[in-house]
Amino acid sequence: MIDPFGRTISYLRVSVTDRCDFRCVYCMAEHMTFLPKAEVLSLEELDRLCSAFIGLGVRKLRLTGGEPLVRKNVMELFRALGRHLKSGALEELTVTTNGSQLGKHADELASLGVKRVNVSIDTLDPKKFTEITRWGKLDTVLDGVRAAKEAGLKVKINTVALKGVNDGEVDSLVEWAGREGHDLTFIEVMPMGDIGGENRLDQYLPISLLRANMARRWTLEETSERTGGPARYVRLKETGQRVGFITPLTHNFCESCNRVRVTCTGMLYMCLGQEDSADLRAPLRASESDAPLIAAIEEAIGRKPKGHDFMIDRRHQGPAVGRHMSVTGG
Ligand code: SAM
């Protein structure tokens, strides 16, 4: 699949549920209305959809959400998709999780061919953790991360930079990740979805500031390392550790975008930060043949936009796109 700007689309992220057992303050409002079951693709439909994309050249597949590991019987989907790893059609199957269920599933994920997991942790302070996630327990998540490591999974920690919340913890997060052997990436908060009374400008901490603070303690060496994603990496001279930065607001990373996203209702979004989408559920449900589905995917890739235009300032405090990150999957 090649888009109008010549970018090869080889990476698919699929949100397998809009539900989550956390309510992170920058992600969701406390009281969310979730989708009725009939609207959400079944595990069999998700398998068919992912397999169609793999047939069209997707080499990396990430399951996300909502919280993917709270979806009932989700391991059946991992098991089914594992066949594409065995056949070599798929290079990598990964998951982005809040870690709350990792303790239960880490061994099985590893046995099914998953090699890496992304775990979202914004603070190592248990009290703050519960404040940010509203419903989460840091201990459970850290147990999950330990289980993943013991199962042989490579763990990457994703930390959303939050002004006045975790800006004082950058060094301790870096030290902890370094000690445990986890990669660490800091992410700027993106203006997605209505989050109730919270104000984006209050949350927004430019990564440039966070980096400047890090540079007081560590020597940051620029690297040209790229993993095909939006992160830019530095190496800490003192420890050799790699730290990533994802800066959708201060630096636009769209020129090398190789990915598209599908929601749990089968809406294909060609860009995280734009509203244009294509309904894949209708062709999926209309026919046992994959031909209409494949035609819909190919037509939509032909409409992939050049990039997003996220912005947060005094005049732009509302969401750039109406849907929450939990809908399209982070
Ligand atoms: N539940 C899983 C998790 O916690 O990783 C997967 C879904 S979650 C939506 C994926 C990632 O998106 C998390 O790292 C979360 O912190 C991040 N995220 C959610 N809303 C965001 C926002 N408005 N800006 C930046 N990152 C956001």
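Start by selecting strands S1 (residues 11-15) and S2 (residues 60-64): they run parallel and are joined by five bridges. Strands count as pairing here if DSSP finds at least two bridges between them, and the labels themselves are DSSP runs numbered from the N terminus, with helices (H or I) of at least four residues and strands (E) of at least two. This is a predicted model, in which local features need pLDDT of at least 70 and side-chain atom pairs count only at pLDDT 80 or more, while totals for chains, interfaces and linings use all residues. Residues are numbered from 1 along each chain as its sequence is written, and side-chain values use heavy atoms, with hydrogens and water left out.

Zoom in on Leu12, and you'll find its bridge partner in S2, Leu61. Right-handed means that, with the strands pointing away from you, the path from the first strand over the helix to the second goes clockwise.

Stay with S1 and show its side chains. Tyr11, Arg13 and Ser15 point one way, Leu12 and Val14 point the other way, and all are buried. Buried stands for under 20% relative accessible area, exposed for over 50%, and partly exposed for anything in between (1.4 Å probe, protein chains only). That makes five of five residues buried, so S1 is largely enclosed by the rest of the structure. As a rule, side chains in a regular strand alternate between the two faces of the sheet.

S1 has another neighbour to pick out: strand S10 (residues 259-262), paired with S1 in the parallel sense over four bridges. Here Tyr11 has Arg259 as its bridge partner.

Time to zoom out. What is the order of the strands in the open sheet? Follow S7-S8-S9-S6-S5-S4-S3-S2-S1-S10-S11-S12, which is 12 strands with mixed pairing. Strand S7 (220-222) and strand S12 (277-279) stand at the edges with a single partner strand each, so one side of each has no neighbour in the sheet. On average, neighbouring strands are turned by 25° against each other, direction ignored. Axes are lines fitted to C-alpha atoms (for helices, over the stretch in contact), and angles run from 0 to 180 degrees between N-to-C directions.

Next, select strands S3 (residues 92-97) and S4 (residues 116-120), a parallel pair joined by three bridges. Val95 stands opposite Val117 of S4. Bring in helix H2 (residues 74-87), which packs on the sheet and touches S2 and S3, its direction making about 150° with that of S3. Contact means heavy atoms within 4.5 Å.

Move along to strand S6 (183-188) and strand S5 (154-161). They pair in the parallel sense over six bridges, and Lys156 has Asp183 in S6 as its bridge partner. Trace the chain from S5 through helix H6 (residues 170-180) to S6, and you have a right-handed β-α-β crossover. Are the residues of S6 buried or exposed? Six of the six are buried, so this strand is also largely enclosed by the rest of the structure. Asp183, Thr185 and Ile187 lie on one side, with Leu184, Phe186 and Glu188 on the other.

S6 pairs with S9 too, in the parallel sense over four bridges, with Gly244 of S9 as the bridge partner of Thr185.

Last stop: helix H4 (residues 126-133), where Phe129, Ile132 and Thr133 are buried. Look down the axis of H4 and these buried residues fall within an arc of 85°, so they line one face of the helix; that arc is taken from the directions from the helix axis to the C-beta atoms. Helix H5 (138-150) is included in what covers them.

At the start of H4, find Asp125: one of its side-chain oxygens comes to within 2.9 Å of the backbone nitrogen of Lys127. Then click on Thr133, whose side chain reaches the backbone nitrogen of Gly136 at 2.9 Å. Thr133 also touches Phe22, Arg23 and Cys24, leaving aside residues up to four places away in sequence. Finish on Arg134, which follows H4 and has a positive phi, near 65°.

Conventions:
Polar contact = N/O pair within 3.5 Å; in protein donor to acceptor, adjacent residues only side chain to side chain.
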